Amino acid sequence: MTARSVREGVLDSLPIAAGYFPIAFSFGVSAVQAGISPLIGVLISAVVFAGGSQFVLLGLLSSGAALPAVVATTLLMNARHLLYGRRIAQSLPVSHASPPKPLLAFGLTDEVFACAIGRLHDLAETERAHWLFGLQCGAYLAWVAGTILGILTGAQIVDRFPILRDALGFVLPALFLSLLLNLDWRDSRVSVLIAAIVTLVLTFFVPVHLAILAGIVSGICGAALPGRGNA
Amino acid sequence: MRDFSGALAIVALCGIGTYLLRLTPMLYRSGSDGGAASRFSGAVGPAAIAALFVAMLLPLLGTVGKTSITTVALLTTIIAQRMFGGVAMPTMLGTVAYGLLLVLRMS
């Protein structure tokens with residue numbers, strides 16, 4: 001039962017893995033282009049395992065931004081993960097012990113969360129944690145493998161197809177737009193608009209990583225404003 | 001360029017921090033759903049994504065040609081998101097559209 005649940009989770013991760021692999025590959029290529037050590041590039045994917053924020057982390061690392069700014073920006077971007085864990089925990093049996101929650105928490109990415117929320121309630125309670133573990137394993141392996149391949153072959157591929165360098169510049173905007181479109185706008189539109197406008201304006205006056213931080217903080221403060229958008 | 005140990009420390013801090021952001025709510029599943037704290041924590045993610053989207057998009061705008069290509073690629077991303085949902089597929093299709101348009105403009 002346990003092994004079968006894990007196997008089913010791995011199989012269900014294939015669509016996520018198919019989407020992750022090319023993005024992770026482009027991350028590996030971007031790491032090479034940014035002049036980051038190959039080991040650091042792989043470690044970012046292996047340790048942080050958080051799509052969009054990894055590209056930002058890469059950009060800030062290569063630009064020489066200060067440690068507090070890099071860490072704060074990365075963590076603020078990943079702060080939405082605070083919303084995921086509780087929902088997942090509510091779907092698992094209270095008494096479940098294996099795999100332990102600290103292990104299941106590591107692989108709780110956006111796509112894994114979305115897939116898990118859609119499937120967990122269809123599974124028997126005793127199978128859920130193992131299925132989730134399998135789902136996370138498939139996604140994680142695809143992410144790390146894609147990164148390694150991008151780092152190993154990225155330089156040659158970009159030299160051969162220089163247009164790839166420019167094309168990869170759209171990966172991040174596309175990723176963030178997709179994440180924005182996945183949001184529940186009834187709950188967050190004021191925060192989104194304030195963050196976007198403040199970032200847009202400040203980009204012309206201060207370094208981009210400071211504009212991002214100011215935009216995020218302004219957006220969070222915007223949540224205090226009364227109105228339907230912040231219900 | 002930052003030295004190896006400095007980069008390693010940053011990666012470790014980001015990894016530990018991200019992990020704690022995922023783990024902490026799993027360990028404390030009970031609590032109230034409403035209130036200011038809930039509203040603020042709910043706004044963090046959307047605000048971060050919006051700010052990063054704007055910051056990453058701006059370098060892709062400028063000339064009419066660049067802006068047109070970026071606009072079409074953004075529309076492709078939106079349409080793909082509406083058709084397939086999720087994040088991975090729209091991201092890939094939007095990027096492929098952007099790359100193809102760049103090739104067309106050069107040829």
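**Confidence**

Chain A has an average pLDDT of 85, and 95% of its residues score at least 70. Among the elements of chain A, the lowest mean pLDDT, 78, belongs to helix α10 (residues 163-167), while helix α3 (residues 38-48) has the highest, 96. Where pLDDT is low, the predicted coordinates should not be read in detail.

**Domains of chain A**

The domain assignment divides chain A into domain 1 (2-165) and domain 2 (185-230). Their C-alpha centres are 26 Å apart. Six residues of domain 1 of chain A and four residues of domain 2 of chain A make up the contact. On the domain 1 side, helix α5 (residues 67-78) of chain A gives the largest share, four residues. By class, that side of domain 1 of chain A has five nonpolar residues, one polar residue and no charged residues.

**The largest nonpolar core**

The largest nonpolar core holds 103 residues. Those with the most contacts inside this core are A:Y20, B:A47, B:A48, B:A51 and B:L52. Helix α2 (residues 35-57) of chain B provides the largest share of the core, 13 residues. Domain 1 (2-165) and domain 2 (185-230) of chain A each contribute at least three residues to this core.

One of the residues with the most contacts inside the core is B:A47. Leaving aside residues up to four places away in sequence, B:A47 touches A:S191, A:V192, A:A195, A:I216, A:G219 and A:I220.

| Helix | Buried residues |
|---|---|
| α3(A) | A:G41, A:I44, A:S45, A:V48 |
| α11(A) | A:V171, A:L172, A:P173, A:A174, A:L175, A:F176, A:L177, A:S178, A:L179 |

In α3(A), the buried residues are A:G41, A:I44, A:S45 and A:V48. They lie on the same side of α3(A), because they cover an arc of only 105° around the axis. These buried residues of α3(A) pack against α2 (14-33), α4 (51-63) and α9 (125-160) of chain A, and also against α1 (4-27) of chain B. Just after α3(A), A:F49 takes a positive phi of about 50°.

Helix α11 (residues 171-181) of chain A is largely enclosed by the rest of the structure, because nine of its eleven residues are buried. Among them are A:P173, A:F176 and A:S178.

Note on methods: Residues numbered from 1 in each chain as written. Chains lettered and ligands numbered in written order. Predicted model: local features only at pLDDT ≥ 70, side-chain atom pairs only at ≥ 80, totals over all residues. pLDDT = per-residue confidence, 0-100. Helix = DSSP H or I, 4+ residues; strand = E, 2+ residues; numbered from the N terminus. Core = buried A, V, L, I, M, F, W, Y, C linked by C-beta atoms within 7 Å. Buried ≥ 20, exposed ≤ 12 C-beta atoms within 10 Å, placed from the backbone. Domains from an automatic or database assignment. Contact = placed C-beta atoms within 7 Å. Nonpolar A, V, L, I, M, F, W, Y, C, P; charged D, E, K, R; others polar. Arc of directions from axis to C-beta.
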